[in-house]
Amino acid sequence: RFEGITMAPPDPILGVSEAFKADTHGNKLNLGVGAYRTEELQPYVLDVVKKVEKHMLERGDNKEYLPIEGLAAFNKATAELLFGADNPVIKQQRVATIQGLSGTGSLRVAATLIERYFPGAKVLISSPTWGNHKNIFNDARVPWSEYRYYDPKTVGLDFEGMMSDIKAAPEGSFVLLHGCAHNPTGIDPTPEQWEKIADVIQEKNHIPFFDVAYQGFASGSLDADAASVRLFAARGLELLVAQSYSKNLGLYAERIGAINIVCSSADAATRVKSQLKRIARPMYSNPPVHGARIVANIVGDPALFNEWKAEMEMMAGRIKNVRQKLYDSLSAKDRSGKDWSFILEQIGMFSFTGLSKVQSDNMTDKWHVYMTKDGRISLAGLSLAKCEYLADAIIDSFHN
Ligand code: PMP
(Lines give C-alpha, C1' and ligand atoms only; values in the text may rest on other atoms or scores of the structure.)
Protein backbone atom coordinates (compact mmCIF):
# COMPACT_ATOMS: atom_id res chain seq x y z
CA ARG A 1 0.00 0.00 0.00
CA PHE A 2 2.92 2.31 0.41
CA GLU A 3 4.13 1.36 -3.06
CA GLY A 4 2.33 4.28 -4.66
CA ILE A 5 4.10 6.90 -2.57
CA THR A 6 6.52 8.99 -4.58
CA MET A 7 9.84 10.45 -3.41
CA ALA A 8 9.59 13.84 -1.69
CA PRO A 9 12.05 16.47 -2.84
CA PRO A 10 14.88 17.36 -0.43
CA ASP A 11 14.23 20.44 1.76
CA PRO A 12 15.81 23.48 0.09
CA ILE A 13 17.60 24.50 3.31
CA LEU A 14 18.19 21.31 5.31
CA GLY A 15 18.92 19.38 2.10
CA VAL A 16 22.00 21.58 1.65
CA SER A 17 23.55 20.15 4.84
CA GLU A 18 22.95 16.63 3.60
CA ALA A 19 24.79 17.39 0.35
CA PHE A 20 27.60 19.09 2.30
CA LYS A 21 28.14 16.01 4.45
CA ALA A 22 28.53 13.84 1.37
CA ASP A 23 31.26 16.11 -0.12
CA THR A 24 34.82 15.04 0.68
CA HIS A 25 36.67 18.11 -0.68
CA GLY A 26 39.10 19.76 1.77
CA ASN A 27 37.92 23.33 1.15
CA LYS A 28 34.20 22.61 1.45
CA LEU A 29 32.18 25.25 3.26
CA ASN A 30 28.61 24.97 4.55
CA LEU A 31 26.87 28.34 4.33
CA GLY A 32 23.42 26.83 3.89
CA VAL A 33 21.81 26.46 7.26
CA GLY A 34 21.62 29.36 9.71
CA ALA A 35 23.55 27.97 12.64
CA TYR A 36 26.30 29.80 14.50
CA ARG A 37 29.81 28.37 14.25
CA THR A 38 33.02 29.38 16.00
CA GLU A 39 35.98 30.81 14.10
CA GLU A 40 37.13 27.16 13.86
CA LEU A 41 33.75 26.42 12.21
CA GLN A 42 32.63 24.22 15.09
CA PRO A 43 29.13 24.20 16.63
CA TYR A 44 28.93 26.31 19.77
CA VAL A 45 27.16 25.66 23.07
CA LEU A 46 26.99 28.86 25.11
CA ASP A 47 28.94 28.78 28.39
CA VAL A 48 25.92 30.16 30.20
CA VAL A 49 23.84 27.26 28.89
CA LYS A 50 26.40 24.70 30.09
CA LYS A 51 26.46 26.36 33.50
CA VAL A 52 22.68 26.31 33.88
CA GLU A 53 22.45 22.72 32.67
CA LYS A 54 24.94 21.73 35.36
CA HIS A 55 22.78 23.42 38.04
CA MET A 56 19.73 21.66 36.67
CA LEU A 57 21.44 18.28 36.83
CA GLU A 58 22.71 18.89 40.36
CA ARG A 59 19.27 19.94 41.52
CA GLY A 60 17.85 16.76 40.02
CA ASP A 61 14.93 18.48 38.27
CA ASN A 62 12.28 15.92 37.37
CA LYS A 63 10.95 14.97 33.95
CA GLU A 64 7.23 15.14 34.63
CA TYR A 65 4.94 16.48 31.89
CA LEU A 66 4.61 20.21 31.58
CA PRO A 67 1.11 21.66 31.31
CA ILE A 68 -0.14 22.09 27.72
CA GLU A 69 0.86 25.76 27.77
CA GLY A 70 4.40 24.97 28.90
CA LEU A 71 6.54 26.13 31.81
CA ALA A 72 4.97 29.10 33.60
CA ALA A 73 8.33 30.70 34.49
CA PHE A 74 9.40 30.43 30.84
CA ASN A 75 6.18 31.94 29.51
CA LYS A 76 6.53 34.90 31.85
CA ALA A 77 10.21 35.40 30.97
CA THR A 78 9.69 35.10 27.23
CA ALA A 79 6.85 37.65 27.03
CA GLU A 80 8.85 40.07 29.19
CA LEU A 81 11.96 39.70 27.03
CA LEU A 82 9.90 40.48 23.99
CA PHE A 83 7.81 43.42 25.18
CA GLY A 84 9.81 44.61 28.19
CA ALA A 85 8.55 43.85 31.70
CA ASP A 86 7.01 47.32 32.12
CA ASN A 87 5.07 47.25 28.89
CA PRO A 88 1.35 48.02 29.39
CA VAL A 89 0.43 44.88 27.42
CA ILE A 90 2.15 42.84 30.15
CA LYS A 91 0.90 44.95 33.06
CA GLN A 92 -2.67 44.71 31.79
CA GLN A 93 -2.30 40.96 31.18
CA ARG A 94 -3.31 41.32 27.57
CA VAL A 95 -0.81 38.79 26.20
CA ALA A 96 -1.75 35.16 25.69
CA THR A 97 1.54 33.24 25.73
CA ILE A 98 2.11 29.54 25.32
CA GLN A 99 5.41 27.73 24.94
CA GLY A 100 5.90 26.33 21.45
CA LEU A 101 8.16 23.89 19.62
CA SER A 102 10.63 26.63 18.78
CA GLY A 103 9.83 29.22 16.12
CA THR A 104 8.45 26.73 13.61
CA GLY A 105 6.06 25.01 16.03
CA SER A 106 4.88 28.37 17.37
CA LEU A 107 4.14 29.63 13.87
CA ARG A 108 2.29 26.40 13.12
CA VAL A 109 0.00 26.67 16.16
CA ALA A 110 -0.74 30.31 15.33
CA ALA A 111 -1.47 29.34 11.73
CA THR A 112 -4.12 26.89 12.93
CA LEU A 113 -5.63 29.56 15.17
CA ILE A 114 -5.95 31.77 12.09
CA GLU A 115 -7.47 28.97 10.04
CA ARG A 116 -10.00 28.21 12.75
CA TYR A 117 -11.06 31.66 13.88
CA PHE A 118 -10.47 33.77 10.76
CA PRO A 119 -11.73 31.48 8.00
CA GLY A 120 -10.70 32.74 4.57
CA ALA A 121 -8.36 35.40 5.97
CA LYS A 122 -5.14 35.68 4.05
CA VAL A 123 -1.60 35.90 5.35
CA LEU A 124 0.71 38.25 3.48
CA ILE A 125 4.30 37.12 3.39
CA SER A 126 7.34 38.92 2.09
CA SER A 127 8.90 38.07 -1.24
CA PRO A 128 11.28 36.44 -0.60
CA THR A 129 10.93 34.91 2.84
CA TRP A 130 12.23 32.02 4.92
CA GLY A 131 11.33 28.92 2.88
CA ASN A 132 9.35 27.21 5.61
CA HIS A 133 6.72 29.98 5.95
CA LYS A 134 4.90 28.80 2.85
CA ASN A 135 4.97 25.16 4.01
CA ILE A 136 3.58 26.13 7.40
CA PHE A 137 0.61 28.09 6.04
CA ASN A 138 -0.03 25.52 3.31
CA ASP A 139 -0.17 22.69 5.84
CA ALA A 140 -2.47 24.74 8.09
CA ARG A 141 -4.67 25.50 5.03
CA VAL A 142 -4.27 29.23 5.44
CA PRO A 143 -4.30 31.11 2.13
CA TRP A 144 -1.33 33.40 1.58
CA SER A 145 0.03 35.78 -0.96
CA GLU A 146 3.25 37.72 -1.25
CA TYR A 147 4.09 41.39 -0.80
CA ARG A 148 7.08 42.94 -2.54
CA TYR A 149 10.08 43.26 -0.25
CA TYR A 150 13.41 42.87 -2.01
CA ASP A 151 14.49 45.06 -4.89
CA PRO A 152 17.24 43.35 -6.90
CA LYS A 153 18.19 46.64 -8.56
CA THR A 154 19.19 48.31 -5.30
CA VAL A 155 19.85 45.06 -3.40
CA GLY A 156 17.68 46.84 -0.82
CA LEU A 157 14.10 47.16 0.41
CA ASP A 158 11.33 47.78 -2.13
CA PHE A 159 9.52 49.97 0.36
CA GLU A 160 7.03 51.47 -2.10
CA GLY A 161 6.14 48.02 -3.41
CA MET A 162 5.74 46.66 0.10
CA MET A 163 3.45 49.52 1.15
CA SER A 164 1.24 49.31 -1.91
CA ASP A 165 0.86 45.52 -1.67
CA ILE A 166 -0.10 45.73 2.01
CA LYS A 167 -2.54 48.50 1.15
CA ALA A 168 -4.07 46.49 -1.68
CA ALA A 169 -4.72 43.37 0.44
CA PRO A 170 -8.27 42.65 1.68
CA GLU A 171 -9.07 44.38 5.00
CA GLY A 172 -8.25 42.26 8.03
CA SER A 173 -5.42 40.29 6.46
CA PHE A 174 -2.54 39.02 8.56
CA VAL A 175 0.79 40.60 7.67
CA LEU A 176 3.77 38.42 8.46
CA LEU A 177 6.76 40.58 9.37
CA HIS A 178 10.27 39.59 10.38
CA GLY A 179 10.89 41.39 13.68
CA CYS A 180 14.57 41.89 12.89
CA ALA A 181 17.27 40.45 10.63
CA HIS A 182 14.98 39.55 7.72
CA ASN A 183 15.67 36.05 6.41
CA PRO A 184 16.95 35.61 3.71
CA THR A 185 17.77 39.19 2.70
CA GLY A 186 19.29 40.70 5.88
CA ILE A 187 17.45 43.91 4.97
CA ASP A 188 15.23 45.51 7.63
CA PRO A 189 12.98 48.56 7.42
CA THR A 190 14.30 51.70 9.17
CA PRO A 191 12.44 52.92 12.30
CA GLU A 192 10.69 55.56 10.13
CA GLN A 193 9.63 52.90 7.65
CA TRP A 194 8.31 50.69 10.46
CA GLU A 195 6.07 53.60 11.55
CA LYS A 196 4.69 53.89 8.02
CA ILE A 197 4.14 50.13 7.82
CA ALA A 198 2.24 50.33 11.10
CA ASP A 199 0.15 53.22 9.68
CA VAL A 200 -1.00 51.25 6.66
CA ILE A 201 -1.64 48.10 8.71
CA GLN A 202 -3.76 50.13 11.10
CA GLU A 203 -5.63 51.88 8.29
CA LYS A 204 -6.52 48.56 6.69
CA ASN A 205 -7.41 46.80 9.95
CA HIS A 206 -4.79 44.20 9.20
CA ILE A 207 -3.29 42.10 11.98
CA PRO A 208 0.49 42.13 12.29
CA PHE A 209 2.10 38.75 12.79
CA PHE A 210 5.75 38.98 13.78
CA ASP A 211 8.26 36.20 13.37
CA VAL A 212 11.08 36.92 15.84
CA ALA A 213 13.80 34.32 15.33
CA TYR A 214 16.83 36.55 15.94
CA GLN A 215 16.14 38.75 18.97
CA GLY A 216 19.53 39.90 20.29
CA PHE A 217 21.33 38.26 17.43
CA ALA A 218 20.95 41.05 14.90
CA SER A 219 22.31 44.01 16.85
CA GLY A 220 23.60 42.19 19.94
CA SER A 221 20.88 43.91 22.03
CA LEU A 222 17.63 42.17 23.02
CA ASP A 223 15.79 45.48 23.43
CA ALA A 224 16.97 47.04 20.17
CA ASP A 225 15.95 43.94 18.22
CA ALA A 226 12.44 44.01 19.72
CA ALA A 227 11.87 47.66 18.78
CA SER A 228 9.63 46.85 15.79
CA VAL A 229 7.29 44.66 17.85
CA ARG A 230 7.17 47.22 20.68
CA LEU A 231 6.38 50.01 18.24
CA PHE A 232 3.29 48.13 17.06
CA ALA A 233 2.28 47.15 20.61
CA ALA A 234 2.56 50.79 21.73
CA ARG A 235 -0.15 51.68 19.21
CA GLY A 236 -2.57 49.43 21.04
CA LEU A 237 -2.82 46.98 18.12
CA GLU A 238 -3.71 43.34 18.47
CA LEU A 239 -0.83 41.27 17.15
CA LEU A 240 0.87 37.88 17.11
CA VAL A 241 4.52 37.12 17.76
CA ALA A 242 6.31 33.80 17.29
CA GLN A 243 9.63 33.57 19.14
CA SER A 244 12.59 31.23 18.88
CA TYR A 245 15.62 30.59 21.10
CA SER A 246 17.40 28.53 18.45
CA LYS A 247 19.85 31.26 17.45
CA ASN A 248 20.16 33.68 20.35
CA LEU A 249 20.72 30.94 22.95
CA GLY A 250 22.03 28.31 20.53
CA LEU A 251 19.23 25.92 21.55
CA TYR A 252 18.48 24.73 18.01
CA ALA A 253 17.67 21.13 18.86
CA GLU A 254 15.90 21.83 22.16
CA ARG A 255 12.93 23.27 20.25
CA ILE A 256 12.19 26.15 22.56
CA GLY A 257 10.09 29.15 21.57
CA ALA A 258 6.70 30.70 22.16
CA ILE A 259 3.63 32.16 20.57
CA ASN A 260 2.40 35.45 22.07
CA ILE A 261 -0.91 37.00 21.10
CA VAL A 262 -1.59 40.54 22.23
CA CYS A 263 -5.32 41.02 22.71
CA SER A 264 -7.38 44.10 23.51
CA SER A 265 -8.36 42.89 27.00
CA ALA A 266 -7.14 40.50 29.68
CA ASP A 267 -10.36 38.60 29.28
CA ALA A 268 -9.82 38.04 25.57
CA ALA A 269 -6.22 36.95 26.28
CA THR A 270 -7.51 34.28 28.67
CA ARG A 271 -9.92 32.97 26.04
CA VAL A 272 -7.32 33.03 23.27
CA LYS A 273 -4.86 31.15 25.46
CA SER A 274 -7.46 28.46 26.14
CA GLN A 275 -7.86 28.00 22.37
CA LEU A 276 -4.11 27.84 21.80
CA LYS A 277 -3.97 25.03 24.34
CA ARG A 278 -6.81 23.28 22.62
CA ILE A 279 -4.89 23.40 19.33
CA ALA A 280 -1.65 22.16 20.92
CA ARG A 281 -3.16 19.20 22.78
CA PRO A 282 -3.88 16.92 19.81
CA MET A 283 -0.77 18.12 17.93
CA TYR A 284 1.92 17.33 20.50
CA SER A 285 0.13 17.35 23.88
CA ASN A 286 2.72 19.38 25.78
CA PRO A 287 6.11 20.89 25.02
CA PRO A 288 9.60 19.75 26.10
CA VAL A 289 10.89 21.02 29.43
CA HIS A 290 14.66 21.18 29.08
CA GLY A 291 15.01 24.30 26.93
CA ALA A 292 12.23 26.07 28.81
CA ARG A 293 14.10 25.58 32.09
CA ILE A 294 17.33 26.82 30.54
CA VAL A 295 15.70 30.06 29.39
CA ALA A 296 13.76 30.59 32.63
CA ASN A 297 16.82 30.00 34.81
CA ILE A 298 19.04 32.31 32.78
CA VAL A 299 16.57 35.16 32.52
CA GLY A 300 15.60 34.77 36.18
CA ASP A 301 19.15 35.25 37.47
CA PRO A 302 20.70 38.69 36.89
CA ALA A 303 24.30 37.39 36.76
CA LEU A 304 23.45 34.63 34.28
CA PHE A 305 21.32 37.02 32.26
CA ASN A 306 24.33 39.33 31.90
CA GLU A 307 26.52 36.42 30.87
CA TRP A 308 24.03 35.52 28.17
CA LYS A 309 23.96 39.09 26.88
CA ALA A 310 27.76 39.15 26.71
CA GLU A 311 27.87 35.88 24.76
CA MET A 312 25.16 37.09 22.41
CA GLU A 313 27.15 40.25 21.73
CA MET A 314 30.20 38.12 21.11
CA MET A 315 28.33 35.99 18.53
CA ALA A 316 26.79 39.02 16.82
CA GLY A 317 30.24 40.66 16.86
CA ARG A 318 31.93 37.69 15.20
CA ILE A 319 29.38 37.77 12.40
CA LYS A 320 29.93 41.50 11.93
CA ASN A 321 33.69 40.94 11.68
CA VAL A 322 33.24 38.26 9.06
CA ARG A 323 30.88 40.54 7.15
CA GLN A 324 33.52 43.26 7.10
CA LYS A 325 36.29 40.87 6.06
CA LEU A 326 34.21 39.42 3.25
CA TYR A 327 33.42 42.91 1.99
CA ASP A 328 37.12 43.89 2.17
CA SER A 329 38.18 40.73 0.32
CA LEU A 330 35.56 41.19 -2.42
CA SER A 331 36.39 44.86 -2.88
CA ALA A 332 40.13 44.17 -3.06
CA LYS A 333 39.89 41.23 -5.47
CA ASP A 334 37.08 42.27 -7.80
CA ARG A 335 38.26 44.23 -10.85
CA SER A 336 34.76 44.85 -12.25
CA GLY A 337 33.98 47.94 -10.17
CA LYS A 338 30.92 46.29 -8.61
CA ASP A 339 29.75 47.96 -5.40
CA TRP A 340 29.76 45.36 -2.62
CA SER A 341 28.62 47.70 0.17
CA PHE A 342 25.23 45.95 0.37
CA ILE A 343 27.03 43.23 2.32
CA LEU A 344 27.85 45.72 5.06
CA GLU A 345 24.36 47.17 5.09
CA GLN A 346 22.61 43.83 5.60
CA ILE A 347 22.22 42.62 9.17
CA GLY A 348 21.92 39.36 11.03
CA MET A 349 23.19 35.95 10.15
CA PHE A 350 22.63 36.03 6.42
CA SER A 351 23.79 37.84 3.38
CA PHE A 352 21.76 37.89 0.22
CA THR A 353 24.44 37.93 -2.45
CA GLY A 354 22.33 38.43 -5.54
CA LEU A 355 23.84 35.25 -7.05
CA SER A 356 21.38 33.55 -9.39
CA LYS A 357 20.51 29.88 -9.21
CA VAL A 358 23.02 29.02 -11.94
CA GLN A 359 25.71 31.07 -10.19
CA SER A 360 24.84 29.44 -6.84
CA ASP A 361 25.25 26.06 -8.54
CA ASN A 362 28.72 27.14 -9.67
CA MET A 363 29.54 28.04 -6.06
CA THR A 364 28.73 24.50 -5.02
CA ASP A 365 29.84 22.46 -8.04
CA LYS A 366 33.16 24.20 -8.66
CA TRP A 367 34.05 25.71 -5.27
CA HIS A 368 32.36 23.31 -2.82
CA VAL A 369 30.56 26.21 -1.15
CA TYR A 370 27.12 24.98 -0.05
CA MET A 371 24.35 27.58 0.04
CA THR A 372 20.65 27.89 -0.72
CA LYS A 373 19.78 28.39 -4.37
CA ASP A 374 18.24 31.80 -3.76
CA GLY A 375 21.75 33.24 -3.37
CA ARG A 376 21.67 33.39 0.43
CA ILE A 377 24.82 32.65 2.43
CA SER A 378 24.99 32.21 6.19
CA LEU A 379 27.84 34.31 7.55
CA ALA A 380 27.50 32.45 10.83
CA GLY A 381 29.05 29.47 9.07
CA LEU A 382 32.00 31.49 7.76
CA SER A 383 35.37 32.17 9.43
CA LEU A 384 37.77 35.08 8.89
CA ALA A 385 40.25 32.55 7.52
CA LYS A 386 37.81 31.43 4.78
CA CYS A 387 36.78 34.90 3.58
CA GLU A 388 39.40 35.13 0.84
CA TYR A 389 38.44 31.73 -0.54
CA LEU A 390 34.76 32.66 -0.47
CA ALA A 391 35.46 35.98 -2.18
CA ASP A 392 37.28 34.14 -5.00
CA ALA A 393 34.32 31.79 -5.35
CA ILE A 394 31.76 34.62 -5.43
CA ILE A 395 33.69 36.69 -7.98
CA ASP A 396 34.23 33.68 -10.22
CA SER A 397 30.55 32.77 -10.01
CA PHE A 398 29.29 36.31 -10.65
CA HIS A 399 31.40 36.81 -13.74
CA ASN A 400 30.85 33.31 -14.93
N1 PMP B 1 11.60 32.08 11.29
C2 PMP B 1 12.69 32.45 10.64
C3 PMP B 1 12.64 33.68 9.81
C4 PMP B 1 13.86 31.71 10.75
O5 PMP B 1 14.94 32.10 10.09
C6 PMP B 1 13.86 30.55 11.56
C7 PMP B 1 15.09 29.73 11.69
N8 PMP B 1 15.79 29.45 10.55
C9 PMP B 1 12.69 30.22 12.22
C10 PMP B 1 11.58 31.01 12.07
C11 PMP B 1 12.48 29.06 13.12
O12 PMP B 1 13.47 28.25 13.51
P13 PMP B 1 13.26 27.28 14.75
O14 PMP B 1 12.06 26.47 14.46
O15 PMP B 1 14.51 26.52 14.84
O16 PMP B 1 13.08 28.17 15.93
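The model is predicted: local features require a pLDDT of at least 70 and side-chain atom pairs a pLDDT of 80 or more, while totals for chains, interfaces and linings use all residues. Residues are numbered from 1 along each chain as its sequence is written. The chain comprises 16 helices and 13 strands, where helices (H or I, at least four residues) and strands (E, at least two) are DSSP runs numbered from the N terminus.

**Overall fold**

- The radius of gyration of the chain is 21 Å, which agrees with the value near 21 Å for a compact globule of 400 residues; the radius is taken over C-alpha atoms, and the globule rule is 2.2 Å times the number of residues to the power 0.38.
- The C-alpha trace spans about 65 × 55 × 55 Å along its principal axes.
- Of the 400 residues, 47% are buried; a residue is buried if 20 or more other C-beta atoms lie within 10 Å of its own, exposed if 12 or fewer, and partly exposed in between, with C-beta atoms placed from the backbone.
- Among contacts with a separation of 6 or more, 76% join residues 24 or more positions apart; two residues are in contact if their C-beta atoms, placed from the backbone, lie within 7 Å.

**Annotated domain**

- An unreviewed UniProt entry lists residues 27–394 as "domain: Aminotransferase class I/classII large"; UniProt positions follow the numbering used here, feature names are shortened, and annotations may be inferred rather than shown by experiment.
- Over residues 27–394, the chain is 47% helix and 15% strand, and the end C-alpha atoms are 14 Å apart.

**Ligand shell**

- The ligand is surrounded by 13 residues, of which Ser102, Gly103, Thr104, Ser244 and Ser246 are the closest; a residue is near a molecule or strand if its C-beta atom, placed from the backbone, lies within 6 Å of it.
- Helix H5 (residues 102–117) supplies the largest share of this shell, three residues.
- The shell divides into three nonpolar, nine polar and one charged residue; Ala, Val, Leu, Ile, Met, Phe, Trp, Tyr, Cys and Pro count as nonpolar, Asp, Glu, Lys and Arg as charged, and the others, Gly among them, as polar.
- Serine 102, placed in helix H5, is buried, with 25 other C-beta atoms within 10 Å.
- Although serine 102 is a residue other than glycine, its phi is positive, near 60 degrees.

**Backbone features**

- Serine 127 and proline 128 are joined by a cis peptide bond with omega of about 0 degrees; proline 128 lies in the loop between strand E3 (123–127) and helix H6 (132–139).
- A cis peptide bond also runs from asparagine 183 to proline 184, with omega near 15 degrees; proline 184 is in the loop between strand E7 (174–178) and helix H8 (191–203).
- Histidine 368, not a glycine, has a positive phi of about 65 degrees and is partly exposed, with 18 other C-beta atoms within 10 Å.

**Leucine 379**

- Leucine 379 lies in the loop between strand E13 (376–378) and helix H16 (387–398) and is buried, with 26 other C-beta atoms within 10 Å.
- Leaving aside neighbours within four places in sequence, leucine 379 is in contact with Ile319, Val322, Arg323, Met349, Phe350 and Ser351.
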